[in-house]
Amino acid sequence: RMEASCLELALEGERLCKAGDCRAGVSFFEAAVQVGTEDLKTLSAIYSQLGNAYFYLHEYAKALEYHHHDLTLARTIGDLLGEAKASGNLGNTLKVLGNFEEAIVCCQRHLDISRELNDKVGEARALYNLGNVYHSKGKNVASAGTHDPGELPDDVKNALQKAANYYEENLTLVTELGDRAAQGRAFGNLGNTHYLLGNFRSAVLAHEQRLLIAKEFGDHSAERRAYSNLGNAHVFLGEFQTASEYYKKTLQLARQLQDRAVEAQACYSLGNTYTLLQDYEKAIDYHLKHLVIAQELHDRIGEGRACWSLGNAYTALGNHDQAMHFAERHLEISREVGDRSGELTARLNLSDLQMVLGLSYSTNNSMMAESQVADTSWNGTRPRVGRRHSMENMELMKLTPEKVQNWN
Amino acid sequence: PQPLAGHQAAELQSKVVPSKQILHSDNMEMEPETMETKSVTDYFSKLHMGSLVYSCTSKRKNK
């Protein structure tokens, strides 16, 4: 009777997870574990599904715990296929937690067993997982510094090159197997790896393949991802017009899918692209759209970015009053979210704008306006002496001439 | 001071964009992870299948 009860609970858990309600599924699986079973293969399946449910719920510590239980159990009962699966899941979880070295060991185990069992599907999936771990590892190290894609230290480059190799190997295998969905995933992540490596032409080729497959499946989310990634790659190729076309398609799909966060990102990307095209009116239009959604979603960091971008665009148009308004908001938000470099940038922008505004005010014999502007924007936190110091820093912020040439 | 202000404004304009900061904001969109799945139903149905096959064969044998 108890045996049936554990099974019944687990079956309900499976049904709920399949229906997309992982939270409720977890309760049933945990109840099933509470009841317990003598049958270790059933228990292994419950642990595995609990791990996956927690993974999808982004509770990675719990996911780790259950996938680890599953691995131990699979080894105990000598279930080699079960061990391979548990290793793969453990590897994916360790990757998300940033433990790349252990993740690699687990994913490699998944690969080794799959090859031993001549399980081609398992082998392909393990190769994809390994690619993902090396990609994350590379991206993680890269994001610690401030590099543009393509300007990478050796360890980052090595990790990303390994990722690319695993994705290529996966692609060969899933092409043999005729698994188009898996091909789509591999092309997408391969494209992103080439992007980080600075191989923007290869990135475009891969994302174009991804787009093709997404359309075959009518997978709008994947289609939107491909457009967005194609936009990013074209920005780095200096083909801003093409980039803007792809970002517009991203925006269109984001609206269709009613995903406000993605819509905001698309508007932001479009704002930046029109800035690069020096069409500041359009840039302002999109940055304002981004600002509205950021406020709606209570995304203070996004709001700060929008203000910074708007300040820049208004400065470019010579609308210094609006520029000042947004630079002040940028400063306020940077302080609030504790963004030190944002705060410095905002101060520098304000100090520059004050210079311009102050000088134009003084030509109008309005000396009062000059001192007022200066006083309110410093909020009394810094005396006038600080200004010279920030102006010196300003020189450091200037772009190197070759950069300007590249992006103009 | 007018030409100086104009010069300042022009210089300010040249400092705007394109900046590295802009490009870093672009979100890279990754494909989803694939997790390996196990199911109690697989095992359960195998068990049932086993007994079903058994009952069928035993019925046949009985006939």
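A residue counts as buried under 20% relative accessible area, as exposed over 50% and as partly exposed in between, with a 1.4 Å probe and protein chains only. By that rule A:Phe240, at 7% relative accessibility, is buried. The model is predicted, and for this reason local features need pLDDT of at least 70 and side-chain atom pairs count only at pLDDT 80 or more, while totals for chains, interfaces and linings use all residues. Residues are numbered from 1 along each chain as its sequence is written, chains are lettered from A and ligands numbered from 1 in the order in which they are written, and side-chain values use heavy atoms, with hydrogens and water left out.

## Chain B

Helices (H or I, at least four residues) and strands (E, at least two) are taken as DSSP runs and numbered from the N terminus. On this basis chain B contains three helices and zero strands, and its elements follow the order α-α-α from the N terminus on. Chain B has 63 residues, of which 33% count as buried. Its accessible surface, calculated by the Shrake-Rupley method with a 1.4 Å probe, comes to about 4,100 Å², and carbon and sulfur atoms account for 59% of that area.

## The cavity

Rolling a probe the size of a water molecule over the atoms shows where empty space is left. Here a cavity is a set of points, on a 1 Å grid over the protein atoms alone, where a 1.4 Å probe fits but cannot get out, and lining residues have an atom within 4 Å of a point. Grid points are joined across faces, edges and corners, and the volume is the space filled by probe spheres set on the points. The structure holds one cavity of 30 Å³ or more, and the largest cavity has a volume of about 40 Å³.

Its lining is made up of A:Arg224, A:Ser228, A:Tyr247, A:Thr250, A:Val262, A:Gln265, A:Ala266, A:Ser269 and B:Glu29. The elements that contribute two or more residues to this lining are helix 11 (220–236), helix 12 (240–256) and helix 13 (260–276) of chain A, and helix 13 of chain A gives the largest share, with four residues. Sorted by class (Ala, Val, Leu, Ile, Met, Phe, Trp, Tyr, Cys and Pro as nonpolar, Asp, Glu, Lys and Arg as charged, and the others, Gly among them, as polar), the lining has three nonpolar, four polar and two charged residues.

## Rings and charges

Rings of Phe, Tyr and Trp (its six-membered ring) are paired if their centres lie within 6.5 Å, and planes under 30 degrees apart count as stacked, over 60 as edge-to-face and the rest as tilted. Over all chains, the search finds twelve aromatic pairs. One of them joins A:Tyr54 and A:Tyr66, whose ring centres are 6.0 Å apart and whose planes meet at 5°, so the pair is stacked. The pair links distant parts of the chain, with A:Tyr54 in helix 3 (residues 40–56) and A:Tyr66 in helix 4 (residues 60–76) of chain A, twelve residues apart. A:Tyr54 is buried at a relative accessible area of 5%, and A:Tyr66 is buried at 9%. Ring pairs also bring A:Tyr47 into a cluster with A:Tyr54 and A:Tyr66.

A charge sits over a ring if NZ of Lys or CZ of Arg is within 6 Å of the ring centre and within 35 degrees of the ring normal. A:Arg185 lies over the face of A:Tyr128, at 6.0 Å from the ring centre, and the charged end of A:Lys289 sits over the ring of A:Tyr286, 5.1 Å from its centre.

## Positions and separations in chain A

A:Phe240 is found in helix 12 of chain A, A:Tyr227 in helix 11 and A:Val356 in helix 17 (residues 340–363). A:Tyr227 is buried, with a relative accessible area of 6%, and A:Val356 is buried at 4%. The table gives C-alpha separations for these residues.

| Residue pair | Apart in sequence | C-alpha to C-alpha |
|---|---|---|
| A:Val356 and A:His320 | 36 residues | 8.1 Å |
| A:Tyr227 and A:Tyr274 | 47 residues | 17 Å |
| A:Phe240 and A:Tyr274 | 34 residues | 7.8 Å |

## Backbone in two loops

Most residues other than glycine have a negative phi. A:Asn118, however, has a positive phi near 55°; this residue is placed in the loop between helix 6 (100–116) and helix 7 (120–144) of chain A, and at 58% relative accessibility A:Asn118 counts as exposed. A:Gln258 likewise has a positive phi near 55°, lies in the loop between helix 12 and helix 13 of chain A, and counts as exposed at 70% relative accessibility.

Notes:
On a 1 Å grid over the protein atoms alone, a cavity is a set of points where a 1.4 Å probe fits but cannot get out, and a pocket is an open set with protein on both sides within 12 Å along at least five of seven lines; lining residues have an atom within 4 Å of a point.
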